[in-house]
Amino acid sequence: MSDINWKQVEEWDNKYILRTFATQEEYESVPIESTDGDYLIMPDGTRLLDFFNQLYCVNSGQRVEKINNAIKEALNRYGFVWDAYSTDYKARAAKYIIEDILGNENWPGKIRFVSTGSEAIETALFIARLYKNRPLVVTREYAYHGWTRGASSVTKLKGVRSGLVETDAQEEPVHIPGQQDGLVAIAPSPNCMRCSLGHTYGSCHDESGELACVKYTRRMVENQGKEKVAAMITEVTQGAGSVHPPAEYIPQIRKMTKELDILWIADEVLTGFGRTGEWFGYQHYGVEPDIITLAKGLSSSAIPAGAVVVNKDIADFMDNHRWETVSTYSSHPIAMAAVCANLEYMMEENLVEKAKEAGEYMKGKLLDLKAKHPSIGQVAGFGVLWIVELVKDEKLTPFIEMDRNVTHEGDPSKFPINIINEKAIEKGVLIGGFVPNTLRIGSSLNVSKEDIDKAMDALDYALSHLDAQMGLEKSEEVLT
């Protein structure tokens with residue numbers, strides 16, 4: 001790569017690329033020359049330990065030789081084959097997921113491959129509405145399901161709904177007219193730390209043990225008319241919104257959807273393929289969904305790939321109809337080769353169990369930091385997906401009052417996640433989050449203990465800076 005003119009790259013980057021998350025004036029080019037394991041490597045050789053795991057999507061780590069070789073082999077065989085034809089890669093990828101990975105469960109019927117997570121959500125919403133012949137879908141506060149029209153209609157995290165904001169905090173955000181329109185109802189998030197229904201955890205159950213947010217959702221569906229509701233879509237643990245539910249929540253949602261005769265779509269785009277220490281997040285809770293959406297870890301993001309798995313009844317229904325839908329790149333043979341190699345690698349290397357072990361180690365390290373730093377109000381998660389809630393006092397007050405409803409106008413440098421990120425980079429580590437008060441921490445499934453230690457040391461350093469900046473002292477009255 002020594003012949004790359006990085007000054008020319010920066011010039012072209014600034015001159016021709018539309019920016020995301022920043023105005024052109026704010027934008028600063030950060031060149032990445034290559035990747036390796038859990039590291040991003042800059043042209044000058046600087047290695048950055050990536051505890052964003054990019055978009056929490058490089059599950060098997062960067063540049064896995066087996067995956068790269070499979071892509072090269074596929075390129076020697078194929079240019080392009082569209083989804084109407086069969087390839088050995090597509091058939092094998094489907095068999096791995098339905099039989100080898102999910103074969104001990106009774107619900108899976110068939111799979112359809114697509115190109116991205118947003119496209120998987122679009123497909124799942126189409127299928128649910130067609131199968132139930134009902135228009136309405138229930139989503140939740142702080143949900144993130146993608147950026148295309150259907151996916152953004154069920155995305156309720158204000159800051160990532162594809163609109164525009166200015167740098168002036170007094171200016172209103174500009175949302176895309178009509179983009180979020182749709183037959184969607186919004187249920188409460190299971191955010192026990194800051195319950196939107198006004199409860200505190202432990203006081204939010206009724207006499208049967210049902211959580212208040214589940215009861216509210218049930219009543220909402222009943223009030224809408226369950227005969228109008230096709231499905232409820234949930235992330236198992238909210239990704240961009242950074243909310244980890246209480247243990248009762250997912251089983252109660254599954255029970256509710258069955259009782260009301262609506263489908264449950266589990267969005268596993270971020271939580272799937274070992275991220276949580278199980279193959280899929282729902283498996284922590286002893287439940288079975290009707291539909292799951294997949295992407296990211298499906299190919300370890302080596303090449304774009306997504307998928308939707310439906311239950312046996314839905315599969316039978318779809319098999320008896322001609323479905324008038326097509327996507328040019330669905331089941332692209334090069335992507336399917338990457339999927340096959342990635343899944344083989346994960347099974348051969350026992351990566352899901354390694355993620356579980358890494359998660360236990362991370363949990364211990366994060367709880368040690370919580371005991372030390374008053375700015376940590378909560379640690380939650382599993383596997384290699386953790387959230388750390390940052391607070392400015394023992395009452396668990398958020399640094400940024402708007403919290404998950406912020407739309408990123410104004411000065412993001414005052415967000416605690418960005419303060420932490422800026423200090424952690426001094427130690428060569430990338431750590432941050434999507435919502436202003438909550439760190440979201442992730443890595444590859446086979447991250448080393450040495451790299452976890454390095455990341456936690458950098459986080460310790462950054463938290464010490466945040467504590468000192470805010471004049472915080474440790475109190476015993478911090479949420480466990």
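1. Start with phenylalanine 80, which is partly exposed because its relative accessibility is 41% (buried means under 20% relative accessible area, exposed over 50%, partly exposed in between, with a 1.4 Å probe and protein chains only). Keep in mind that this is a predicted model, where local features need pLDDT of at least 70 and side-chain atom pairs count only at pLDDT 80 or more, while totals for chains, interfaces and linings use all residues. Residues are numbered from 1 along each chain as its sequence is written, and side-chain values use heavy atoms, with hydrogens and water left out.

2. What about aromatic pairs? The structure has 7 of them (rings of Phe, Tyr and Trp, the last by its six-membered ring, pair if their centres lie within 6.5 Å; planes under 30 degrees apart count as stacked, over 60 as edge-to-face and the rest as tilted). One of these is the edge-to-face pair of phenylalanine 80 and tyrosine 329, with 6.5 Å centre to centre and 75° between the planes. Phenylalanine 80 sits in the loop between α3 (65-77) and α4 (88-101), and tyrosine 329 in the loop between α9 (312-319) and α10 (333-348), so the pair ties together parts that are 249 residues apart in sequence. Helices here are DSSP runs of H or I with at least four residues, strands are runs of E with at least two, and both are numbered from the N terminus. Tyrosine 329 is exposed, at a relative accessible area of 54%.

3. Another edge-to-face pair joins phenylalanine 273 and phenylalanine 280: here it is 5.1 Å centre to centre, with 70° between the planes. Phenylalanine 273 is buried at 0% relative accessibility, and phenylalanine 280 is buried with a relative accessible area of 0%. Both names turn up again in one aromatic cluster, made of Trp107, Phe273, Trp279, Phe280 and Tyr282.

4. Now for charges over rings (NZ of Lys or CZ of Arg within 6 Å of the ring centre and within 35 degrees of the ring normal). Arginine 47 lies over the face of tyrosine 39, 4.5 Å from the ring centre. Arginine 440 has its charged end over the ring of phenylalanine 434, at 4.6 Å from the centre.

5. Have a look at aspartate 290, in the loop between β8 (263-267) and β9 (291-294). Is aspartate 290 buried or exposed? It counts as buried, because its relative accessible area is 11%. Its side chain makes a polar contact of 3.0 Å with the side chain of arginine 254 (a pair of N or O atoms within 3.5 Å; within protein, one must be able to donate a hydrogen and the other to accept it, and residues adjacent in sequence count only if both atoms are side-chain atoms). A polar atom of the aspartate 290 side chain also lies 2.8 Å from the backbone nitrogen of tryptophan 264. Leaving aside neighbours within four places in sequence, aspartate 290 is in contact with residues including Trp107, Ile262, Val309 and Ile314 (contact means heavy atoms within 4.5 Å).

6. Next, a helix pair. Helix α5 (residues 117-132) packs against α9 at an angle of about 80°, and their axes are 11 Å apart (axes are lines fitted to C-alpha atoms, for helices over the stretch in contact, and angles run from 0 to 180 degrees between N-to-C directions). That makes α5 roughly perpendicular to α9 (angles under 35 degrees count as roughly parallel, over 145 as roughly antiparallel, 65 to 115 as roughly perpendicular and the rest as oblique). Ile127, Leu130 and Tyr131 of α5 make the contact with Asp313, Ile314, Phe317 and Met318 of α9.

7. Leucine 472 is in the segment after α13 (449-470) and is buried at 17% relative accessibility. Beyond neighbours within four places in sequence, the contacts of leucine 472 include Pro374, Val391 and Phe399.

8. Finally, two backbone angles to check. Most residues other than glycine have a negative phi. Lysine 296, in the loop between β9 and β10 (306-311), has a positive phi near 40° and is partly exposed, with a relative accessible area of 22%. Leucine 396 also has a positive phi, of about 65°, without being a glycine. Leucine 396 belongs to the loop between β12 (385-390) and α12 (416-425) and is buried, with a relative accessible area of 17%.
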